[in-house]
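Let's take a walk through this structure together. Have the sequence and the 3D view open as you read.

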Amino acid sequence: FPVTIIADVIMFSESYSHSYNRPLLLKELKRILKPGGRVLIIDWFVQEDYNQQQWEAFVDSMSMYLEEPKDTVNNFKNAGFKCLYQEVNNKNFLKITNNKYDKNYFFFKNKEISDFGKMVYQLVETKADISIPAIFLFQLQK
């Protein structure tokens with residue numbers, strides 16, 4: 001039998017980008033959130049200008065289904081959510097995140113960049129500009 005969970009807040013930390021059926025996801029969010037409940041998304045999104053060939057190779061290798069930030073906002077609005085906050089970063093994300101959070105998240109102890117750090121660096125620092133990090137906070141309208 002279906003379980004109903006009434007939640008105040010649902011958070012996606014680098015997981016929204018892996019959801020491939022967004023209409024179903026939005027429907028499920030509306031089902032389990034209280035009226036006025038919030039959805040926080042911290043994840044990667046497509047830049048408007050990106051190299052299609054590199055992008056397709058990235059999606060195939062990472063099983064990520066990224067969309068442009070404006071599309072995420074529109075999809076949530078159309079599903080009955082209000083966008084309370086959005087911040088779309090670019091270029092300095094690697095440096096900011098590594099300084100602000102875990103010092104070894106992107107670098108090894110000897111300061112050599114990690115494999116994960118290399119991947120992120122390629123995504124946000126190359127001329128391809130295929131991916132950018134963003135933060136969104138949505139609220140389910142009553």
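Is Phe 12 buried or exposed? In this predicted model, Phe 12 has a relative accessible area of 11%; the cut-off for buried is under 20%, so Phe 12 counts as buried. Tyr 16 is buried too, at 2% relative accessibility. The rings of these two residues pair edge-to-face, because their planes meet at 75° with the centres 5.9 Å apart.

A single aromatic cluster takes in Phe 12, Tyr 16, Phe 45, Phe 76, Phe 81, Phe 136 and Phe 138.

From here, Arg 22 leads us to the next helix. Arg 22 sits over the face of Tyr 16, 4.2 Å from the ring centre, and is one of the buried residues of helix H1, along with Leu 25, Leu 26, Leu 29 and Ile 32. These residues lie on the same side of H1 because they span an arc of only 140° around the axis. Their cover includes strands S1, S2 and S3 as well as helix H3. On the face turned away from the buried side, you will find Pro 23 and Lys 27 exposed.

At the start of H1, a side-chain oxygen of Asn 21 comes within 3.2 Å of the backbone nitrogen of Leu 24. Finally, in the loop between S1 and H1, Ser 17 is buried at 1% relative accessible area. The residues Ser 17 touches include Arg 22, Asp 43 and Trp 44.

Definitions and conventions: Residues numbered from 1 in each chain as written. Predicted model: local features only at pLDDT ≥ 70, side-chain atom pairs only at ≥ 80, totals over all residues. Heavy atoms only, no water. Buried < 20%, exposed > 50% of the residue type's maximum accessible area, 1.4 Å probe, protein only. Helix = DSSP H or I, 4+ residues; strand = E, 2+ residues; numbered from the N terminus. Arc of directions from axis to C-beta. Contact = heavy atoms within 4.5 Å. Polar contact = N/O pair within 3.5 Å; in protein donor to acceptor, adjacent residues only side chain to side chain. Phe/Tyr/Trp six-rings, centres within 6.5 Å; stacked < 30°, edge-to-face > 60°. Lys NZ or Arg CZ within 6 Å of the ring centre and 35° of its normal. Lists of a residue's contacts leave out its neighbours within four places in sequence.
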